[in-house]
Amino acid sequence: MAKITLTVNGEKRSAEVEDRTLLANFLRDTLNLTGTHVGCDTSQCGACTVHVDGRAVKSCTMLAAQADGADVLTIEGLAKNGKLHPAQAAFTECHALQCGFCTPGMIMTTAALLKDHPQPTDDEIVHGLEGNLCRCTGYLNIIKAVKRAAELQGK
Amino acid sequence: MYAFQYRKAKTLQEAVDWLAKDEEARPLSGGMTLLPTLKARLAQPSQLIDIAGLAELAGIENKNGVLTIGAATRYYQIATSPVVREVLPALASLVSTVADPQVRNRGTLGGSVANNDPAADSPAAVLALNATVITNKREIAADDFFQGMFTTALEPGELVVKVAFPLPRAAAYCKFPHPASGYAVAGVFIAQTAAGVRVAVTGAGASGVFRWSEAEQALAKDMSAAAIDKLTLAADDINEDIHGSREYRAQLVKVMAGRAAAAISGKK
Amino acid sequence: MDQHHHLFDVGGAHVARLEDLRLIKGEGCYAADWKLPNQAHAAFLRADRAHAKIVSVNTEAARKAKGVLGVYTGTDAFSAGYVKPLSMLTFAGKDGMKARIPDRVVLAHGRVRFVGETVAMVVAETALQAQDAAELIEVEYEELPVVVAPESALADGAPQLHDNVPGNLAFEQEAGDAAAVAAAFAKAAHVTKLKLDCTRVAPSPMEPRACLVGYDAGSGAYTIHVPVQGINMMRMQIATYTGVPDDKLIIKARDVGGGFGQRSIAYTEYVALMIAAKALNRPVKWVATRSEAFMSDSHGRANYITAELALDKDGTFLAMKLDWIADLGAYLHPAGPVSPMRNPVTCLNGVYKTPALFGRWRVALTNTVPVSAYRGAARPEIAYTIERLVDESAAQMNIDPAELRRRNFIPPQAFPYKTPTGSVYDIADFPGVLAKALKLADVAGFAKRRADSEKRGLLRGQGMATVIENSGAGMFPKDEIRLEVAADGNITAYSVSHSQGQGHETTFAQIIGDGLGIPAERIKLRQGIAEQGLIGNHTGGSRTIVGAGTVCSIAAKKLIEHATPLAAEQMGVEPSQVTYANGVFQSTESERKITLGELAAKKPLTVTGEGKFGSTFPNGCHIAEVEIDPQTGVTDVVSYVTVDDCGTVINHTIVEGQMHGAVAQGWGQIFGENIVYDPETGQLLTGSFADYPMPKAGWIRDITIADHTTFGTISPLGVKGMGESGCTASLGALANAVMNALRPLGVPPLDMPLTAHKLWQAIAAAKKGH
């Protein structure tokens with residue numbers, strides 16, 4: 001068993017977990033943060049994307065133990081003081097979600113992308129979304145939403 | 001995943017000791033290949049020794065015409081490093097084509113080099129640039145390091161610590177990614193150096209990354225796509241699977257080589 | 001402006017979706033998010049070979065493993081009697097043939113027939129313990145010969161999958177007029193023949209399947225949390241499979257992460273979990289991995305069609321005939337074979353006045369994952385077949401493809417139009433749809449664009465498809481919507497038809513809000529509430545807006561009718577002296593008024609609207625333009641235009657989103673998605689997202705979307721349905737564009753998947769041939 005302490009959405013959390021526990025399962029099962037979704041088992045779909053120390057990672061391909069001491073941000077912690085993150089606001093404004101299952105991962109990836117590219121080009125957006133799959137939207141409105149999020153963030 | 005023990009090493013020596021004591025233990029760096037392998041229950045290590053945080057494996061340094069990158073340096077750190085972008089932009093651009101942003105935020109150069117996946121990108125850069133793989137025991141020339149699919153010169157308990165890239169005059173990488181996995185169906189890295197041209201091909205080889213000597217000779221005379229056009233790549237060295245026949249992969253190698261050559265010289 | 005159109009979505013104004021807020025905050029509740037106290041976890045041992053006798057199953061080590069609560073095998077499933085799944089293939093086939101429905105024990109009993117079939121189930125305290133223990137089960141198999149290609153399965157001497165399905169032929173039917181077709185072909189000036197493969201694909205909604213079953217020993221009731229397209233469809237199937245009566249099956253679902261047809265099935269895992277939940281008297285949960293999904297979720301399409309079109313010298317279509325083989329996999333899903341038997345017949349003539357039609361359909365069983373509906377459910381296949389034939393004919397006869405279509409369209413004045421196979425198309429304007437699409441796609445400028453591409457070393461092509469599909473009609477006796485008014489005037493609406501992303505919470509609220517004159521935001525739609533006991537169709541076949549959507553409007557009217565006398569009573573006037581507007585009843589005799597909410601505060605105010613509707617016929621034209629790099633074979637879709645007639649548009653934003661997603665799925669199938677089995681071993685070779693190319697961001701940069709509306713006559717709202725039309729039209733448009741680019745090189749007709757590899761090979765072969 002691994003004893004881990006990490007910050008999740010600004011709160012210190014400690015737990016004892018089986019060494020093989022994935023970060024995604026720790027968030028979902030131990031902390032009950034079910035907004036982080038698991039859509040595949042080969043690291044392709046990105047539905048499980050969270051931020052670890054400010055960078056987007058696939059929480060299904062990281063052990064909870066590897067996140068010991070880290071600062072983790074999940075979709076549940078993205079809105080601050082009741083105010084949606086620009087990526088969240090843009091996704092609904094641009095109809096960038098349908099079934100919503102890939103959405104938390106898409107939004108977390110977008111939020112990270114905007115940190116690296118505050119005013120992303122279309123190519124940067126497409127390249128930045130390579131690790132996230134969506135089956136519903138055909139991505140056009142997602143690309144639109146990333147641009148809109150950049151605008152909202154600049155305001 | 002089968003059950004295993006996770007241990008985070010504090011020093012390189014500690015990691016080496018732990019690995020030496022347990023044949024079934026495996027080093028864990030970014031985990032971008034290892035963890036999916038474990039999730040598919042394709043391997044059953046007793047321990048995972050986390051080496052990603054080791055100071056000995058960190059850092060990017062440009063000295064005396066050699067760019068040295070710590071094995072645990074993550075792809076995004078290489079891609080965004082001002083030093084790498086200035087002195088070896090082809091490497092920065094190569095690592096930014098690896099998988100996707102989330103994977104680049106975790107995956108490490110050393111992990112990829114040590115794994116020697118036949119479709120990985122990094123081995124092409126290491127081989128074409130005639131880099132030296134520095135381990136906890138010795139220094140290994142790239143030509144000796146890669147020994148076929150998922151096989152390297154690394155001995156049990158030997159860990160990649162750094163990779164030292166002699167800086168070329170010019171270099172470029174072109175890749176045809178698999179539409180699903182993003183791995184190279186064919187990737188070609190061309191390095192133009194004082195000693196000549198080196199061409200390394202990944203993704204297509206029947207036994208992993210390899211040098212394409214005919215292309216090296218042709219490009220030494222004429223760095224252009226046209227020079228590649230005249231060549232024939234022996235198809236029996238080329239891999240074949242449901243993602244591409246030998247002939248198609250050979251064609252893609254030529255097209256990627258031509259595009260990389262054109263990127264260096266501007267000549268089609 | 002038409003009466004229907006101004007009611008909704010004026011000027012295409014954007015209505016933010018009402019379901020979005022919880023979903024963007026991570027507060028959705030998908031199947032894997034349900035938890036019940038004291039729940040145990042299940043894992044399945046799956047067949048690792050495609051066809052084998054089960055000699056023995058040794059569960060001893062698994063039973064002793066840490067945390068294990070129970071291990072269940074085919075013996076348990078067989079003695080529970082969970083053997084016969086529902087089949088909706090109840091109609092007669094050729095010469096009165098009755099469908100041959102194989103048994104399917106929910107945990108394989110005696111034999112396994114595809115890789116991934118559920119063989120045993122382990123239940124343990126944790127999911128990891130269950131997975132660990134499942135590996136300890138030892139199964140001794142005796143290998144049997146394997147057949148994965150449907151043509152081979154129907155051939156003499158093929159390995160036989162089921163004793164009651166001789167020749168692996170589960171069903172055969174014919175439709176149309178064979179004699180008329182033969183006569184027409186005999187006098188035809190030109191015949192075009194194509195062999196077309198609508199490849200097997202993995203629907204792959206992003207949410208993997210999951211199921212949590214609770215059992216109440218006192219009442220004998222099961223509570224089953226599961227992703228659905230409608231709870232009634234699921235309940236009906238589980239009831240049939242298990243013999244447990246409807247009232248002991250409480251199906252629960254909230255958010256569903258995509259469906260595309262794949263959710264309409266009572267899978268073996270769900271039913272097997274019931275065995276464990278009852279035996280252990282504990283809730284049991286199972287969450288599929290994506291790897292399990294590839295080998296156990298229903299696959300889609302897998303229809304293989306030989307098609308011929310007869311034309312006279314002017315290009316008038318005289319007749320079409322088909323020989324259609326549907327590969328349904330190792331077992332029959334409840335509605336799996338119904339789609340390819342019914343939908344192609346309903347729209348067999350497409351948008352054309354082809355007078356003579358004939359087809360023969362055969363359902364083959366193979367050692368592969370069972371197949372069921374996938375977005376369009378054989379509508380895309382028949383449209384693809386017809387549109388490939390039309391374009392190929394145009395090329396062979398040197399007639400402009402748009403002109404050939406115009407010559408053969410059912411003219412606007414011919415509606416309602418009875419087709420040769422008995423459907424009645426109520427209303428459409430095919431020439432108008434085509435004209436608008438040609439203009440938006442700038443077909444006139446194509447030659448210049450093609451020349452420009454050629455200068456850059458690229459092959460450019462343009463292709464179109466003009467298609468129609470059947471929607472509307474459902475299999476349940478009616479659709480019901482219940483409205484419940486709260487004291488604050490807010491309304492809860494209940495529906496069986498379940499959104500898997502289509503946005504019902506928004507569109508239903510818009511329709512109800514429009515009917516009641518109150519803002520959509522004040523209406524909260526709740527789907528999948530078993531306790532409401534409503535009747536209704538699942539969401540599928542693009543029909544929900546026609547069925548449940550229309551009933552929303554009916555229910556709103558009914559609410560006003562029902563509440564008017566109550567309001568009159570409260571105000572002390574006659575009902576005839578009451579008017580209603582915007583949530584308020586007003587006396588015409590005095591200043592007195594009472595709101596819906598005030599009325600509901602006095603006495604519960606609930607109505608149930610209902611309706612049943614026949615077939616509607618959405619239609620459209622898509623035009624794709626592609627550039628192909630002959631060096632690599634890579635196709636870039638450089639422009640894509642859709643013009644659709646789905647009747648009244650309730651919400652343009654949602655319609656566009658549906659179109660984007662469906663066209664992307666069509667693109668995925670044409671250019672790469674393809675389930676591949678090893679023909680010798682029946683092993684699945686494309687079993688993960690690392691092998692199976694899902695469309696990713698950047699597959700196209702823009703789609704031009706327009707509508708050309710004729711208001712449907714089946715629903716009083718004028719709606720026709722539209723969720724699947726993007727798939728139906730895009731397969732043909734994209735393939736025709738590729739062929740248009742390659743035909744000048746002498747490339748013969750190619751078929752999906754049009755991978756870069758395949759196109760490069762075809763181009764190389766054509767060049768060698770010159």
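Predicted model: local features only at pLDDT ≥ 70, side-chain atom pairs only at ≥ 80, totals over all residues.
Two residues are taken to be in contact here if their C-beta atoms, placed from the backbone, lie within 7 Å.

Let me start with chains A and C. On chain A, 43 residues are in contact with 42 residues of chain C. Four helices of chain A each supply at least two residues to that side: helix H2 (86-93), helix H3 (103-116), helix H4 (122-128) and helix H5 (140-154). As to class, the side of chain A that touches chain C has 21 nonpolar, 15 polar and seven charged residues.

Chain A also meets chain B. Here, 21 residues of chain A are in contact with 19 residues of chain B. On the chain B side, the elements giving two or more residues are strand S1 (5-8), helix H2 (34-39) and helix H6 (101-104) of chain B. That side of chain B has ten nonpolar, five polar and four charged residues.

Across the boundary, 15 residues of domain 1 of chain A are in contact with eleven residues of domain 2 of chain A. Which strands supply at least two residues each on the domain 1 side? They are strand S3 (49-52) and strand S4 (55-58) of chain A. The largest share of this side, three residues, comes from S3(A). By class, the domain 1 side divides into six nonpolar, eight polar and one charged residue.

Why is strand S10 of chain B, residues 184-193, described as largely enclosed by the rest of the structure? Nine of its ten residues are buried, and S10(B) is therefore largely enclosed.

Strand S9 of chain B, residues 170-177, is joined to S10(B) by eight bridges, and the two run antiparallel. One of the bridge pairs sets Pro177(B) against Ala184(B) in S10(B). S9(B) and S10(B) form a hairpin with six residues between them, and in the turn Gly182(B) has a positive phi of about 85 degrees.

Strand S11 of chain B, residues 196-202, also pairs with S10(B) in the antiparallel sense, over seven bridges. In this pairing, Ala191(B) has Arg198(B) of S11(B) as its bridge partner. The hairpin that joins S10(B) to S11(B) passes through two residues.

Key: Residues numbered from 1 in each chain as written. Chains lettered and ligands numbered in written order. Nonpolar A, V, L, I, M, F, W, Y, C, P; charged D, E, K, R; others polar. Buried ≥ 20, exposed ≤ 12 C-beta atoms within 10 Å, placed from the backbone. Pairing = 2+ DSSP bridges.
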